[in-house]
Structures are given as C-alpha cells and as structure tokens.
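I opened the model to look up a few places in turn. My notes follow in the order I made them.

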Amino acid sequence: MAAKPSIPKGTRDFGPEQMVRRNYIFDTIRQVFNRYGYQPIETPAMENLSTLLGKYGDEGDKLLFKILNSGDFIDKVDANKLKPGNSNAIALDISEKGLRYDLTVPFARFVVQNQNDITFPFKRYQIQPVWRADRPQKGRYREFYQCDVDVIGSNSLLNETELALIINEVFEKLKIRTILKLNNRKILSGIAEVIGESQRLTDITVAIDKIEKIGLEAVNNELRSKGVAEDAIVKLQPIITLSGTNTEKLDTLKGVLAMSETGLRGITEMEEILGYIAENGSLTTTIEIDLSLARGLNYYTGAIFEVKAADTEMGSICGGGRYDDLTGIFGLKNVSGVGVSFGADRIYDVMLQLNLFPESLLASTQVMFANFGNKEAAYCLKAIRALRDSGISTELYPDAAKMKKQFDYANGHKIKFVVIAGDNEVKENLLSVKNMETGQQTTIAYSQISNYISENI
RNA sequence: GUGGAUGUAGCUCAGUUGGUUAGAGCAUCAGAUUGUGGUUCUGAGGGUCGCCGGUUCGAACCCGGUCUUCCACCCCA
C-alpha cells in the first residue's frame with residue numbers, strides 16, 4: 001500500500017555510471033587546484049541564518065532553504081503574528097538555521113572565525129553541495145555541487161591571472177571548448193559615473209546585456225523606461241555597441257571613461273590581467289571582455305569572471321570575481337579576496353551532451369574469471385589474487401551460470417579480458433584468456449597470468 | 001515567485017469522435033546452443049495509463065486539483 005517513494009523537486013540520485021563520471025570531473029578539478037597550491041576545506045551543510053541572510057540580495061534571501069527549529073517551535077512565536085499570510089514575519093521566529101546557498105559566504109565566515117590560525121594569503125578550495133529553493137529547469141537544480149577556489153588576503157592581480165589559468169587548464173583537461181568572459185566592476189561604476197547615473201548601474205548592465213537579443217533601439221527604450229536621462233543614453237551609445245578585439249574595446253572605453261578615476265583604474269586592472277595572461281603563452285580558452293556581465297554585482301569590486309561552454313546553450317558553467325570586503329560583514333576589515341566557482345552539475349550536463357566522457361571510465365574491472373563451479377572457481381583464486389596484487393582490477397563471476405550469461409555480464413561491464421578455467425585447464429594447470437574486443441583466445445600457463453595480462457592490457 | 005506546456009512498460013514512443021482483455025521498437029529474462037559474448041531465430045515477464053477526485057452506462061482520452069519534468073520571465077552554477 002506504500003505510495004511510490006520519491007525525492008524532492010530539483011534533487012537527484014546518482015547511479016554508479018553517473019558517479020564514475022562525476023568523480024572524473026571532481027578529480028580533474030581537484031588535481032588542478034592542488035597543482036596551483038590550493039588547500040581543501042569543508043564547512044557544514046547548514047549555517048546560522050544570520051550568516052546567510054542579507055548576503056545575496058532580496059532575491060537570494062527568498063531562495064534560502066530554512067530549517068525548522070527543534071522542539072515546540074511554534075510556542076515561542078508571538079501569538080499576534082500567527083495568522084495566515086504572515087509566514088515571512090514569523091520565519092525568523094521558527095527558524096535559525098539554513099542550508100548553505102553558496103560556498104563563498106561560508107568561506108568568508110570560516111576565514112573570520114579562524115583568522116588567527118590562517119596564514120595569509122590563504123589559498124583554499126572547497127567542493128561541496130549547495131542548495132537553492134529555486135524553480136528547477138534544465139541545468140538548474142535545487143541541490144548542486146560547487147567547486148570553489150579562492151585566494152584571500154592578497155590584492156595582487158596575479159591571483160586573477162592564476163584563476164584564469166586554472167579555468168583554462170580545467171576545461172582543457174575536460175576537453176570542453178570555453179569562452180572566458182571578463183568584466184570589471186570598476187569599469188561598470190565608471191560608466192555609470194560618467195553618464196551621471198551611478199544609482200542605476202544594474203539596470204544599465206541588464207539593458208546592455210540584451211543588445212544581441214532585442215537590438216539597439218529596444219535597449220535604449222528600456223533604458224528610458226527605467227528612468228535613465230536622455231543625455232546619459234546618448235553618452236552610453238559607444239558602450240552599448242562596444243565591439244572588436246579586447247584591445248579595441250579597451251581603447252574605446254579609455255575615451256569614454258577619461259573623466260572617471262575609478263573607471264580608468266578598472267581599465268588598468270583589466271590590461272594588467274590580460275598582460276599577465278598573455279605572458280603565459282596561448283590558452284585554449286577564448287578570453288573576451290564583456291561589459292554585460294553583471295553577476296554577483298552585489299559584492300564584487302574588481303574583476304568579474306564567467307565561463308560559457310562554446311558548443312552548447314547551457315548557462316554559465318563557472319563564475320566568480322574579486323571582492324574587497326566580503327569578510328567585512330563578519331568583522332574582519334581590509335581583507336581582499338578573489339575566487340571562482342565551477343558548477344560541477346552543469347559541467348556534467350555539457351559533457352554528456354557533447355559526448356566528452358571517455359569510454360574507459362565505465363570499465364571498472366579489467367579481468368573477469370568465468371565460473372565453472374566450486375572446484376574450478378577455487379582453482380582461480382590464486383591467479384585472481386596475483387592479478388589484484390599487480391594492480392589489475394579483477395573479479396570472479398559469483399555463480400556457475402551459463403557461459404552466455406557470464407559473457408553477457410563481461411560485455412555489459414566493458415570488461416576486456418575473460419579468463420576461462422574449466423576441467424581441461426585445471427587438469428593441465430593452465431588458464432585460457434579471451435580478449436573480448438578482438439575475440440582472440442590464448443591458453444597460457446597458470447603462473448603466467450599476471451605477466452600475460454600486464455603485457456596485453 | 002509569475003505565465004505556459006508535459007506525464008502511457010526499465011528506455012524511446014503509438015493509442016481512432018470516450019467503447020471489451022492498452023500496443024510497437026529497444027532493453028531484460030528464458031530457450032534454440034550443458035565450455036565461449038557483442039549477429040540471428042523463438043518465446044516470456046513487465047503498465048494502479050503520474051497521483052487524487054469529478055462528469056459518464058462506460059475515461060489513457062473530457063473537467064478540477066495535486067505532484068514531476070520542461071520552457072519563458074526573474075535570478076543564477
């Protein structure tokens with residue numbers, strides 16, 4: 001009578017095949033992070049709501065999963081507030097913990113809390129799930145993994161450069177063609193400042209972003225409807241239509257931002273980062289200045305990164321930026337950090353779509369021994385142990401099933417070698433080895449099994 | 001959170017104006033083949049038609065609700 005079991009909307013189970021592929025992504029990312037000298041940390045799935053609230057804007061606060069207090073939580077609520085439609089007002093009375101929304105804010109909290117034990121600059125990475133009460137869509141889940149790398153306690157633009165190289169290296173290893181979009185909060189501030197619309201920075205950025213989709217005239221109309229002054233819109237034209245190479249874009253911007261100290265500083269930063277990156281030689285990732293990149297505008301103060309897969313329509317698969325004062329909210333001033341976050345689940349979706357996972361991932365076992373019965377199986381055990389000892393993953397089919405079934409199993413698991421040991425082999429102290437890819441079968445001396453497999457694998 | 005689609009076997013999908021025991025391909029299992037797979041042939045199992053309710057003599061089909069997945073907006077990995 002039990003109802004069909006299910007899992008919450010936007011969450012997923014991962015079977016063996018998916019886990020092998022996910023681990024391939026995580027291992028690749030972790031390996032690159034380690035190579036650049038970043039150290040791992042983990043933080044709890046839940047944080048105090050006071051840590052989380054107000055860090056992601058109103059929109060972000062709405063997307064936080066809140067955890068109900070233990071005990072008779074309703075008992076402590078003011079009776080006057082307990083009425084229908086008043087959920088928001090009592091939310092904080094019945095909940096003091098929430099699931100983490102990203103890894104950056106918990107990291108900031110971690111740094112402040114452990115500041116006396118940390119040697120700065122602190123380079124850390126963190127690979128854990130985060131939760132958002134968003135409406136799920138393709139590539140958008142309510143539980144998903146982020147892989148964050150940050151360096152905190154250093155203002156050097158070499159850090160931005162390093163992150164760009166990490167991004168390049170990760171996606172090169174995963175064979176995903178990518179475009180790394182770069183922007184800088186200081187340039188955006190400069191633009192708003194120059195046209196006298198500093199308070200409408202977000203509206204302007206959002207509008208510029210739509211140029212491809214809706215065209216210049218529609219963008220200008222949208223700016224007007226947002227209340228941007230007419231002469232400001234005129235000044236904005238060269239920026240909205242900004243195009244060309246990165247150098248050309250920066251040249252145009254220099255002209256427009258000549259009167260803004262902040263804006264010019266942003267340009268200098270951008271040039272410095274691009275210069276360092278150029279010193280590293282050619283990258284597989286295309287780097288492109290994109291002023292419409294407005295992500296995380298709330299706390300980013302310098303460089304802003306976003307990575308898109310070149311060959312799919314998937315949203316961004318990696319993003320981040322520089323934040324000068326993230327730990328300030330938790331009481332540690334003047335500590336600047338910069339970091340990016342890889343979206344493992346979207347990377348998975350992209351790789352699946354583009355068929356980029358190596359076939360070999362699915363082959364967990366290299367050699368399978370067919371089972372002809374108890375006596376024959378026992379005969380195989382020493383050979384199996386020898387193979388395992390030499391690092392070859394080996395299994396013995398557990399039942400004396402029909403050969404067809406055993407061979408089907410080997411095929412299904414993409415096992416390359418099947419070892420056959422029936423009556424004939426046992427009598428002569430031999431083993432027959434069949435290569436499932438070529439169909440060739442060879443009979444060898446029992447003691448030669450490790451050597452034979454090692455040589456032919 | 002707003003608006004719009006979707007759901008039939010493990011998977012991909014048929015299913016007539018509402019009319020008896022809801023079908024196909026692939027996959028699975030069994031047999032042809034008691035020591036040899038990926039090809040072939042034969043057969044079998046597997047579905048409360050997402051769930052709940054309503055209309056009707058009768059619902060996979062019509063209506064309402066609900067859940068899931070997906071799309072647009074918002075936002076974002």
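**Exposed positions.** I needed a cut-off before starting: a residue is exposed when its relative accessible area is over 50%, and buried when that value is under 20%. The model I am reading is predicted.

I went to Asn88 to begin with. I found it in helix H4, which covers residues 87–94. Is Asn88 buried or exposed? Its relative accessibility is 73%, so Asn88 counts as exposed, the cut-off being over 50%. I also took a distance from Asn88 to Ile7. The two are 81 residues apart in sequence, and their C-alpha atoms lie 26 Å apart.

Next I looked up Asp72. Asp72 sits in the loop between strand E3 (66–68) and H4. Its relative accessible area is 52%, so Asp72 is exposed as well, by the over 50% cut-off.

**Confidence.** Chain A has a mean pLDDT of 90. In chain A, 98% of residues reach 70 or more. For the complex, the predictor gives an ipTM of 0.85 and a pTM of 0.89. I keep one caution in mind: where pLDDT is low, predicted coordinates should not be read in detail.

**Leu99.** I then turned to strand E4 (residues 95–99), where Leu99 is found. Which residues does Leu99 contact, leaving aside neighbours within four places in sequence? I listed Ala45, Met46, Leu52, Leu64, Phe65, Ile67 and Trp131. I followed up Phe65 from that list. Phe65 is 34 residues from Leu99 along the chain, yet their C-alpha atoms are separated by 5.5 Å.

**Nonpolar cores.** I looked for the largest nonpolar core and found 68 residues in it. Phe171, Phe342 and Ile347 have the most contacts inside this core. Helix H6 (residues 158–174) gives the most to it, with eight residues. Another core lies apart from it, with 18 residues, including Cys380, Ile392, Phe417 and Tyr452.

I went back to Phe171 for its contacts. Not counting residues up to four places away in sequence, Phe171 touches Ile176, Thr178, Val307, Ile317, Cys318, Phe342 and Ile347.

**Helix H14.** The buried ones are Ala344, Asp345, Ile347, Tyr348, Asp349, Val350 and Met351. I asked what covers them. The cover includes helix H1 (16–35), strand E6 (143–152), H6, E9 and strand E11 (337–343). After H14 comes Asn355, with a positive phi near 60°.

Last, I looked up the second largest pocket. Its volume is about 810 Å³. It is lined by 30 residues, and Lys181, Asp209, Glu212, Asp290 and Ser292 are the closest to its centre. I sorted the lining by type: 14 nonpolar, four polar and 12 charged.

Which element gives the most to this lining? It is H8, with five residues. I noted the elements that each supply at least two lining residues: strand E7 (178–184), helix H8 (201–209), helix H9 (211–214), helix H11 (230–240), strand E8 (286–289) and strand E9 (303–309). E9 was already in my notes, as part of what covers the buried residues of H14.

Notes. Residues numbered from 1 in each chain as written. Chains lettered and ligands numbered in written order. Predicted model: local features only at pLDDT ≥ 70, side-chain atom pairs only at ≥ 80, totals over all residues. Heavy atoms only, no water. pLDDT = per-residue confidence, 0-100. 1 Å grid on protein atoms, 1.4 Å probe; cavity = no way out; pocket = protein on both sides within 12 Å on 5 of 7 lines; lining within 4 Å. Points joined across faces, edges and corners; volume = space filled by probe spheres on them. Helix = DSSP H or I, 4+ residues; strand = E, 2+ residues; numbered from the N terminus. Nonpolar A, V, L, I, M, F, W, Y, C, P; charged D, E, K, R; others polar. Core = buried A, V, L, I, M, F, W, Y, C linked by side-chain atoms within 4.5 Å. Buried < 20%, exposed > 50% of the residue type's maximum accessible area, 1.4 Å probe, protein only. Contact = heavy atoms within 4.5 Å.
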